[in-house]
Amino acid sequence: MSFERESGRPTADAQARRAEGGMRSAPLPAAFGEDAPGTATGPGGFSTRAAGHPVDDRPHHPDDDRRLLRVILAVPVVLLTLLAAFFLWLVLNTRPDDAGDEAAYGGIELGSALTVVFAGAVGALWLAPSVRRVLRWPWAVPAVALGAAAVARWVSSGA
């Protein structure tokens, strides 16, 4: 018995199910006919390229929840990155009046430290292997860049 499907003929397994009454015996509509040469068939033997979908030959497990996990993990990453961006914005817009303006220098230090903490939290979260499988490096790069900018401002403030 061959597992390859001959052109226009159902497999032996499909013939057996049809004989048992578990499958309709009418021919499929023309839209579900043979694939064009060079196209792949998706689940059920239907062409995925004809519908405009990319061809994905990997088997899909019913419990594959990476898309949901990406959404769940993206929430804290995005919120922490936004907090880091806010505190960096405050740091960059804080200008001391004179060399003795300790309140402004203290604000720059505190804002820079909070930016580094939030950016470090994103980096630490991303370092977990289970997170790296779902969220690739572009998710962590903005937060790390914000943290580096905060360190540069902190050092250049002279505080």
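Q: Which residues do ring pairs link into a cluster in this predicted model?
A: Start from the pairing rule, which asks for ring centres within 6.5 Å. By that rule the count comes to 3 aromatic pairs. The cluster that ring pairs build here consists of F86, F87, W89 and F118.

Q: Is the pair of F86 and F87 stacked or edge-to-face?
A: The ring centres of F86 and F87 sit 5.4 Å apart, with the planes at 70°. Planes over 60 degrees apart count as edge-to-face. So the pair of F86 and F87 is edge-to-face.

Q: And the rings of F87 and F118, are they stacked or edge-to-face?
A: Here the centres are 5.9 Å apart and the planes meet at 25°. The cut-off for stacking is under 30 degrees. That makes the pair of F87 and F118 stacked.

Q: Which helices does the pair of F87 and F118 link?
A: The two residues are 31 apart, so to speak, in distant parts of the chain. F87 belongs to the helix spanning residues 66-93, and F118 to the one spanning residues 102-127. The helices in question are α2 and α3.

Q: Does F118 count as buried or exposed?
A: Relative accessibility for F118 comes out at 17%. Buried means under 20%. F86, by contrast, has 42% and counts as partly exposed. F118 therefore counts as buried.

Q: Where is T115, and which residues does T115 touch?
A: T115 is at 0% relative accessibility, so this residue counts as buried. Its place is in helix α3. Leaving out residues up to four places away in sequence, T115 touches A84, F87, L88, L146, G147 and A150.

Q: Which residue lies over the face of W126?
A: For a charge to sit over a ring, CZ of Arg has to be within 6 Å of the ring centre. At W126 the distance from the ring centre is 5.9 Å. The residue over the face is R132.

Q: How many helices does the chain have?
A: Reading from the N terminus, the elements go α-α-α-α-α. Strands come to 0. The helix count is 5.

Q: What share of the residues in the chain is buried?
A: The chain has 159 residues. It exposes about 11400 Å², and carbon and sulfur atoms supply 63% of that area. The buried share of the residues is 20%.

Technical notes
Residues are numbered from 1 along each chain as its sequence is written. This is a predicted model: local features need pLDDT of at least 70, side-chain atom pairs count only at pLDDT 80 or more; totals for chains, interfaces and linings use all residues. Side-chain values use heavy atoms; hydrogens and water are left out. Rings of Phe, Tyr and Trp (its six-membered ring) pair if their centres lie within 6.5 Å; planes under 30 degrees apart count as stacked, over 60 as edge-to-face and the rest as tilted. Buried means under 20% relative accessible area, exposed over 50%, partly exposed in between (1.4 Å probe, protein chains only). Helices (H or I, at least four residues) and strands (E, at least two) are DSSP runs, numbered from the N terminus. A charge sits over a ring if NZ of Lys or CZ of Arg is within 6 Å of the ring centre and within 35 degrees of the ring normal. Accessible areas come from the Shrake-Rupley method with a 1.4 Å probe; for residues, only the protein chains shown count as cover. Contact means heavy atoms within 4.5 Å.
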